[in-house]
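User: I am learning to read protein models, and I would like to go through one with you, feature by feature. Could you show me the general idea each time and then the case at hand?

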Amino acid sequence: MHYPQLLFISDCYKYTHAAMYPKNVDEVYSLLYCRKPRLPLESLNGHIVAFGMRQAINKLKSLYSEFIQWDKKKLEDGLKLLYADFMKLNPNDDSYKFLIDKWLALPEVMPITFRAVPEGTFIANDTPIISIHCTESEHCWFVNLIETYLNSMLWKTCFVATQAAIFKRIEYDCLGYYLDESFNFHDFSARGMNGIMDCYTSGVGHLLFFSGTDSIMALQNIYENYGANISMLGSIPASEHSVMCLGGQANELETFKHIMKQFPNDMVSIVSDTWNLWDIIERLRTDNEAYNLILSRPKPIVLRPDSGDPFLILTGDKKSQDPRIQKGVIQLVNEYFGFDRVRIIYGDAISTDRAQEIYEWCKQNNYNPTEFLCLGVGSYAYNSGIRDDVGLVTKMTWAKIGGKPTHLIKNPITGNEKMSLSGQVAVNKDTREVTQFLDSTPSNDLLNTDLTLPEFSDIRQYAKQEFLRAINN
């Protein structure tokens, strides 16, 4: 039997909280915020990138609408599955009927007021991303129910966007300015993410700061939700090991020539280490036809090493007896072809630390990596995190109980690093100062009730401004 998804979006323990609340709760207010993120954020001055809030809230609203449209009898069957069959509650107890009735009494419009910071906002520790407020006493229980959903939908998108911002800082420090349309870091993470919808939801975070992606699902998300303008994004034709293997090792050079001829006017990436990376680079230089094909093209080819230690492969391994390996791919390509004819992409096991190391080597050796090197960012960087890395938590911080505004706070003696914010909270638009212990929302609050999805180009421009504000703070 199929039931509406809204019935299954939270942790089990939250389904019984309505029966535990005091009877005189009039209003409740919760905050979703970043508490002591574990990512190394020094390059962003401690900031996390808040992104995906409106899409998560709008998706939740669509699940709510689906639920409301269901036949009450079928809903009762689904609730029996949860409360009686699964949780083993006694249907004869008053609390059982109370909980069932709470669900069945939900109104046609979700009884929640959401406020969220603008998409792409850089937020510091203990800064709220979303506030959740219910002013209808009979539905206050619903605020805490949706906490799990919002956390699970948001943390990964914020994580990917923040990692991308760290890569952007590496590029920014190299250039000395912000590059608006950059293909220097390319999203290779799709196959290592947690299912195709993970790519759809979180892969957009990369595109806040870079234009290159192979995660077509992120492209679909932008097309469907953020204005359908993809002119600032792109990718190129590229081979992989299967393509090279089909041609056979003895014919690897011919496969290179074939691919170049198939895309005579386009930049094309060709995987180069299916067998012997160093031999094929040399053969491309010494074979007259291959070399002339490279020189006569209007756009360069892109060599793609795909295994080994990224730093040593690109910059050289002095311990090797082979002089080509000692030089590394960057020096070989520069000597053999020049970066105007051949460029490089490396897309295996790239982390922010490795990217930083490669960029620093390039700077020390008078290379500008943004002119010839693209680093493919895979799941090694974009699917290696957990919620604690961005510190995303949701806490109830304010309530009206028996008509009296009450500031709530969690402050465990066994771990006061988990002390919560308290009261209604505002973020000053200008100073970004967080103010707590409020009983209402001031007019200059960065959190706002506009939940429309902006054009993606506008979000990118705002994220640029936020990036520059955060690093120069």
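User: Is Asp279 buried, partly exposed or exposed, and what is its relative accessible area?

Analyst: Before the answer, please keep in mind that this is a predicted model. The idea is to ask how much of a residue's accessible area remains, where under 20% counts as buried and over 50% as exposed. Asp279 has a relative accessible area of 32%, so this residue is partly exposed.

User: With which residue does the side chain of Asp279 meet in a salt bridge?

Analyst: One looks for a side-chain nitrogen of Lys or Arg within 4 Å of a carboxyl oxygen of Asp or Glu. Here the side chain of Asp279 meets that of Arg324, with 2.8 Å from N to O. This pair links distant parts of the chain, since Asp279 belongs to helix H10 (residues 277–286) and Arg324 to helix H13 (residues 323–336), 45 residues apart. Arg324 has 16% relative accessibility and therefore counts as buried.

User: Which residue forms a salt bridge with Arg324 at 3.2 Å?

Analyst: That residue is Glu282, whose salt bridge with Arg324 has its closest N and O atoms 3.2 Å apart. Glu282 is in helix H10 and Arg324 in helix H13, so this pair ties together parts of the chain that are 42 residues apart in sequence. With 30% relative accessibility, Glu282 counts as partly exposed.

User: How many salt bridges does the structure hold, and which residues are joined into one network?

Analyst: The structure holds 23 salt bridges. When salt bridges share partners they can be read as a network, and here Glu254, Lys257, Lys261, Asp287 and Glu289 are joined in this way. Within it, Lys257 forms a salt bridge with Glu289, the closest N and O atoms lying 3.1 Å apart. Because Lys257 lies in helix H9 and Glu289 in helix H11 (residues 288–296), the pair ties together parts that are 32 residues apart in sequence. Lys257 counts as buried at 4% relative accessibility, whereas Glu289, with a relative accessible area of 37%, is partly exposed.

User: Which side chain of opposite charge is nearest to Glu252, and how far away is it?

Analyst: For a charged residue, one can check its burial and then look for a partner. Glu252, which is placed in helix H9 (residues 252–262), is buried yet has no salt bridge, and the nearest side chain of opposite charge, that of Arg283, is 4.8 Å away. Leaving aside residues up to four places away in sequence, Glu252 touches Met244, Ser272, Trp275 and Ile280.

User: Now the sheets, please: what is the strand order in the open sheet of five strands, and which strands stand at its edges?

Analyst: The five strands have the order S3-S5-S1-S12-S13, with antiparallel pairing. Strand S3 (113–116) and strand S13 (404–407) are at the edges, each with a single partner strand, so one side of each has no neighbour in the sheet. From one strand to the next, the twist averages 20°.

User: How many bridges pair S1 with S5, and where does Gly402 take a positive phi?

Analyst: Strand S1 (residues 25–34) and strand S5 (residues 127–134) pair in the antiparallel sense over seven bridges, and the bridge partner of Tyr33 in S5 is Pro128. S12 and S13 also run antiparallel, joined by four bridges. Their hairpin has two residues between the strands, and there Gly402 takes a positive phi near 60°.

User: Which sheet has parallel pairing, and what is its strand order?

Analyst: That is an open sheet of six strands, in the order S7-S6-S11-S10-S9-S8. Strand S7 (212–213) and strand S8 (268–271) stand at the edges with a single partner strand each, so one side of each is left without a neighbour in the sheet. As an example of the parallel sense, strand S9 (residues 301–304) pairs with strand S10 (residues 342–346) over three bridges, and Val302 stands opposite Arg343 in S10.

User: Which strands does helix H14 lie across?

Analyst: Helix H14 (residues 352–364) lies across strand S6 (185–187) and strand S11 (373–377), and runs at about 170° to S11.

Key
Residues numbered from 1 in each chain as written. Predicted model: local features only at pLDDT ≥ 70, side-chain atom pairs only at ≥ 80, totals over all residues. Heavy atoms only, no water. Pairing = 2+ DSSP bridges. Axes fitted to C-alpha atoms, helices over the stretch in contact; angles between N-to-C directions. Buried < 20%, exposed > 50% of the residue type's maximum accessible area, 1.4 Å probe, protein only. Lys, Arg positive; Asp, Glu negative; His and termini not counted. Contact = heavy atoms within 4.5 Å.
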